[in-house]
Amino acid sequence: MRHRRPIWSGLLALALAFLALLAYDRRQGPTGGWLARAGLEPRFTEVDGLRLRYVRAGQGSPVLLLHGFSSSLYTWRDVLPGLARSHDVVALDFPGFGGSQVPADLSPERLRRAALGLARQLRLPRPAVVGHSMGGAVAAALSSDPELDPSRVAVIDAATFAMGPEARPRMVQLMSRPLVAGLVDLLPLRRLTTLLALREVFYDDGRVTGELVDEYVAPVRRPGFTAAMLSLLRANAAVEAEIPRRWAASRVPALVVWGRDDGWIPVEHAEKHRAARPGVRVELLERCGHMPQEELPAQTLRLLSEFLAGSD
């Protein structure tokens with residue numbers, strides 16, 4: 001007769017696992033030290049009724065940097081100082097992200113208005129716009145905006161053609177389900193889900209350090225974050241065709257940068273950008289995932305600097 005383990009031993013194992021998960025979830029190192037190391041000082045202003053955080057550095061022709069989903073201006077930490085040697089560089093936290101105010105509801109249009117409003121408020125004349133992932137989709141939408149009138153546009157692993165529910169990365173699809181998002185909010189899973197997502201977006205997950213997880217998970221813990229993200233994901237479906245149309249309508253010089261090993265938005269999407277706008281420059285980075293500006297910052301900086309200095 002097989003020996004059966006007492007039920008209490010199973011319950012004890014579950015309790016210990018939960019306590020270990022709770023301890024891991026509560027782990028939080030200091031954040032923001034990179035700003036001082038980069039010689040940057042966070043600034044705040046109100047745009048479209050929301051308090052936004054941004055940084056500004058350098059002199060020269062203006063460049064506006066737009067981050068991706070569940071990210072912040074932190075993603076530009078290794079690229080921004082190099083760009084600032086020749087340009088007036090502004091990087092913002094979109095509403096709901098980083099250190100900006102978390103609104104009750106979000107939409108791609110509200111993100112576009114935030115970028116446009118900040119550029120107007122800071123009087124950036126014909127800025128070049130550089131966007132990553134979701135920020136790349138916003139940059140694509142702004143590429144034919146007559147009010148901003150950008151001088152050139154660069155998109156990095158952009159979500160231009162991946163805004164609809166079926167085209168989203170698997171983890172984003174999963175987190176867009178209210179039940180799953182609610183469980184992540186209820187249970188001590190914030191740090192774990194952030195860790196797993198970061199390991200998905202890097203080709204070399206050895207780059208996913210404790211400091212990196214600290215910087216990414218801190219804004220996610222803020223009250224209202226989950227509700228705001230769910231509203232943004234619900235709204236994305238409505239603009240699934242609008243953003244590609246705006247990208248195709250643009251006539252400004254454009255650069256598309258992509259990690260060949262992107263596991264979130266496949267490299268085939270780089271060709272979609274070129275097919276919609278023949279003649280755009282496309283650069284593929286080897287042994288690189290969804291985050292070229294973080295995984296291969298020197299190569300990304302070189303490509304951006306050459307493009308921004310161009311006369312075409």
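**Terms and values**

Author: E242 and R246 are four residues apart in helix α11 (residues 242-249), so about one helical turn separates them. A helix here is a DSSP run of H or I with at least four residues, a strand is a run of E with at least two, and both are numbered from the N terminus. This is a predicted model, in which local features need pLDDT of at least 70 and side-chain atom pairs count only at pLDDT 80 or more, while totals for chains, interfaces and linings use all residues. Residues are numbered from 1 along each chain as its sequence is written, and side-chain values use heavy atoms, with hydrogens and water left out.

Reader: What makes the meeting of E242 and R246 a salt bridge?

Author: A salt bridge requires a side-chain nitrogen of Lys or Arg within 4 Å of a carboxyl oxygen of Asp or Glu. For E242 and R246 the N to O distance is 3.0 Å, so the pair qualifies. The structure holds 19 salt bridges.

Reader: Why is E242 called partly exposed?

Author: Buried means under 20% relative accessible area, exposed means over 50%, and partly exposed lies in between (1.4 Å probe, protein chains only). E242 has 26% relative accessibility, so it counts as partly exposed. R126, in the loop between α4 and β5 (128-132), is at 44% and therefore counts as partly exposed too.

Reader: Which residues does R126 touch?

Author: Contact means heavy atoms within 4.5 Å. Leaving aside residues up to four places away in sequence, R126 touches P62, L148, D149, P150 and S151.

Reader: How do you know that R53 and D93 form a salt bridge, and where do they lie?

Author: Their closest N and O atoms are 2.6 Å apart. R53 is in strand β2 (residues 50-57) and D93 in the loop between β4 (87-92) and α4, 40 residues apart, so the pair links distant parts of the chain. Both R53 and D93 are buried.

Reader: What does the salt bridge of R77 with E294 tie together?

Author: The closest N and O atoms of R77 and E294 are 3.0 Å apart. R77 lies in the loop between β3 (61-66) and α3 (80-83) and E294 in helix α13 (residues 292-295), so the pair ties together parts that are 217 residues apart in sequence. R77 is buried, as is E294.

Reader: Why is α4 called roughly perpendicular to α5?

Author: Helix α4 (residues 108-121) and helix α5 (residues 134-142) pack at about 70°, with axes 10 Å apart. Angles under 35 degrees count as roughly parallel, over 145 as roughly antiparallel, 65 to 115 as roughly perpendicular and the rest as oblique. That angle therefore makes α4 roughly perpendicular to α5. L111, R112, A115 and L116 in α4 meet M134, V138, A141 and L142 in α5.

Reader: What is the angle between α5 and α11 called?

Author: α5 and α11 pack at about 55°, with their axes 7 Å apart. The angle makes α5 oblique to α11. A137, A140 and A141 of α5 make the contact with I243, R246 and W247 of α11.

Reader: Why is α9 described as largely enclosed?

Author: Eight of the 11 residues of helix α9 (residues 210-220) are buried, so the rest of the structure largely encloses α9. The buried residues include L212, V213 and D214.

Key: Axes fitted to C-alpha atoms, helices over the stretch in contact; angles between N-to-C directions.
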